[in-house]
Amino acid sequence: MAYQENINQAANPKAGGKEGRGITPRAEDYSRWYLDIVKEAELADHSAVRGCMVIRPNGYSIWEKMQRELDNRFKATGHVNAYFPIFIPVSFLSKEAEHVEGFAKECAVVTHYRLRRAEAGKGVEPDPASILEEPLIVRPTSETIIWSAYKEWIHSYRDLPILINQWANVVRWEMRTRLFLRTAEFLWQEGHTAHATEEEARAETYRMLEVYRDFSENVMAMPVIRGAKTAAERFAGAVESLSIEAMMQDGKALQAGTSHYLGQNFARAFDVTFQNSQGLRELVYATSWGVSTRLIGALIMTHSDDAGLILPPKLAGTQVVIVPIYKNDDEKAKVYAEIDRVAQELQAQELTVHVDRREGVLPGAKFYEWELKGIPLRIEIGPKDLEKGSLCLARRFVLEILGETEKAMRARKKMFLPRAEALAKIKPILAEMQQQLFDRALQFRNQRSRVINSLEEYEKFFKEEGGGFAWVHWAGAADEEELMAKKYQTSIRNIPLDGQAPAGAEGAGPCILTGRPSTQRVVMAESY
């Protein structure tokens with residue numbers, strides 16, 4: 001059992017009126033709360049390059065886990081990884097008109113290949129003699145450079161399908177940035193597949209959307225709505241765009257992943273044809289799909305609280321942290337001997353474990369720090385635990401129970417168990433926490449979703465009741481969609497696929513704006 005006198009000597013985490021160490025409460029300023037968690041949990045920093053970020057080890061460990069989970073799913077569905085150049089000739093983007101229009105305002109352009117000493121004698125400048133014959137675009141997305149390669153690879157139906165994924169960075173010159181959510185450079189994966197038939201390509205588009213749903217819900221513990229984008233919201237150059245949409249704790253939507261059926265647009269632009277089984281030349285069918293480090297922002301805003309970051313155990317770089325408690329060298333030696341044994345037993349269970357061996361930092365301060373950084377489970381080991389043959393397990397969170405006293409909640413959050421029982425329960429506890437995070441997020445989304453049938457209800461929902469996901473009938477044109485967006489600062493997140501509608505959302509009805517007949521509802525929300 002932890003020594004109370006050591007705990008009480010720790011710095012008060014509520015100093016300055018904030019719940020965690022420098023964390024602004026959500027109810028006070030949600031945007032500031034988010035940025036405080038990114039900073040205080042040491043996930044990322046702003047860089048010296050405007051609009052770009054430095055992903056710190058704590059943040060990158062989350063991305064690494066996301067990568068592994070997604071990569072395993074990609075390979076299980078027959079995909080392989082490759083890498084394509086970061087530089088794209090400007091003429092490539094010009095070949096697909098809709099595509100270039102969609103990205104033209106976000107492109108970073110390379111025009112020179114060499115520097116020289118500035119004529120004024122200070123610093124360097126582009127050498128005028130090194131102007132490129134053709135400017136190069138720093139990759140905003142890779143459809144064009146990849147399809148220029150596919151032209152060389154694809155000749156016959158026997159060369160298809162091609163199922164390739166790329167892990168890379170991209171640059172989209174954003175003027176208003178926010179760490180993880182919107183930066184000029186970010187990390188992502190982009191899948192690019194080529195197929196002999198439309199049916200096969202469309203099936204791939206929906207299959208990868210399901211991969212993203214599975215990852216979001218079963219690994220991130222983040223419920224999502226699967227659906228199709230409207231024509232106005234489609235990816236530039238796509239025939240059909242699908243998305244998964246998640247609800248953050250402020251009720252806003254965040255697009256967590258997209259999958260696009262590109263038809264034959266890029267094959268036509270780059271003249272990629274194949275000889276089919278009947279000996280005829282035919283254009284190839286394409287898909288693309290991707291998720292990015294924006295998912296780390298989604299993770300923060302779905303689960304975290306005013307005490308700091310909360311991580312689903314499946315994505316925690318460290319799942320269990322062990323904090324030693326002792327008052328002298330003799331106790332220290334005995335405590336660390338036990339800690340080493342416990343750590344080895346947990347590692348044998350394939351759990352990731354960190355032992356906090358820092359000297360000069362009091363146990364209470366360590367407790368607060370690891371809670372702030374979102375470690376799912378903490379084990380405290382001191383001399384009294386050795387005497388009793390027990391372990392103290394402290395969970396990062398427990399679900400609130402209506403009417404429960406604070407003392408009862410603390411007892412559920414911090415447990416003292418016999419050693420063998422504690423070690424046997426850690427994996428089940430982590431699995432329970434994983435499920436509870438999903439259940440809590442789903443309950444929140446359900447509470448903040450509304451079936452709405454009139455503009456009066458709609459306006460009240462967003463202006464007076466905090467907003468969320470509005471399920472409304474829609475049959476408007478693109479200009480009417482834009483009008484709706486400007487008036488209410490909301491957008492159509494997607495047209496949900498079957499089987500996801502809440503009670504009362506089934507059936508046909510009049511469009512909420514135009515009154516025209518509508519056969520299905522869309523989800524509208526404020527968004528990131």
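Buried means under 20% relative accessible area, exposed means over 50%, and partly exposed lies in between, with a 1.4 Å probe and protein chains only. The model is predicted, so local features need pLDDT of at least 70 and side-chain atom pairs count only at pLDDT 80 or more, while totals for chains, interfaces and linings use all residues. Residues are numbered from 1 along each chain as its sequence is written, and side-chain values use heavy atoms, with hydrogens and water left out.

**View A. Glu-42 and Asp-271, two non-glycine residues with positive phi.**
Helices (H or I, at least four residues) and strands (E, at least two) are DSSP runs, numbered from the N terminus. Glu-42 has a phi of about 60° and sits in the loop between α2 (30-40) and β1 (44-46). Its relative accessibility is 29%, so Glu-42 counts as partly exposed. Asp-271 has a phi of about 55° and belongs to the loop between α8 (265-269) and β14 (273-275). Asp-271 is partly exposed as well, because its relative accessibility is 47%.

**View B. The cis peptide bond between Leu-160 and Pro-161.**
Omega of this bond is about 0°. Pro-161 is in the loop that lies between α6 (143-153) and β9 (162-171).

**View C. The largest nonpolar core.**
A nonpolar core is a set of buried Ala, Val, Leu, Ile, Met, Phe, Trp, Tyr and Cys residues joined through side-chain atoms within 4.5 Å. The largest one has 50 residues, and Met-66, Met-220, Met-248 and Met-301 have the most contacts inside it. Elements giving two or more residues to this core include α3 (57-76), α7 (198-218), β13 (253-263) and α9 (294-303). Helix α9 provides the largest share, six residues. Contact means heavy atoms within 4.5 Å. Beyond its neighbours within four places in sequence, Met-248 is in contact with Tyr-30, Met-222, Leu-254, Ala-298, Met-301, Thr-302, Phe-444 and Tyr-528.

**View D. Aromatic pairs, with Phe-74 and Trp-289 as one of them.**
Rings of Phe, Tyr and Trp (its six-membered ring) pair if their centres lie within 6.5 Å; planes under 30 degrees apart count as stacked, over 60 as edge-to-face and the rest as tilted. The count by this rule is 14 aromatic pairs. The ring centres of Phe-74 and Trp-289 are 5.2 Å apart and the planes are at 55°, so this pair is tilted. Phe-74 is in helix α3 and Trp-289 in strand β16, so the pair ties together parts that are 215 residues apart in sequence. Phe-74 is buried, at 1% relative accessible area, and Trp-289 is buried at 2%. One aromatic cluster is formed by Trp-63, Phe-74, Trp-167 and Trp-289.

**View E. The pair of Tyr-150 and Trp-153 in helix α6.**
The ring centres are 5.5 Å apart and the planes are at 45°, so the pair is tilted. Tyr-150 and Trp-153 are three residues apart, separated by about one helical turn. Tyr-150 is buried, with a relative accessible area of 0%, whereas Trp-153 is partly exposed at 41%.

**View F. Helix α10 (residues 329-348) packed with helix α14 (residues 419-447).**
The angle is about 35° and the axes are 11 Å apart; axes are lines fitted to C-alpha atoms, for helices over the stretch in contact, and angles run from 0 to 180 degrees between N-to-C directions. Glu-338, Arg-341, Val-342, Glu-345 and Leu-346 in α10 meet Arg-419, Leu-423 and Ile-426 in α14.
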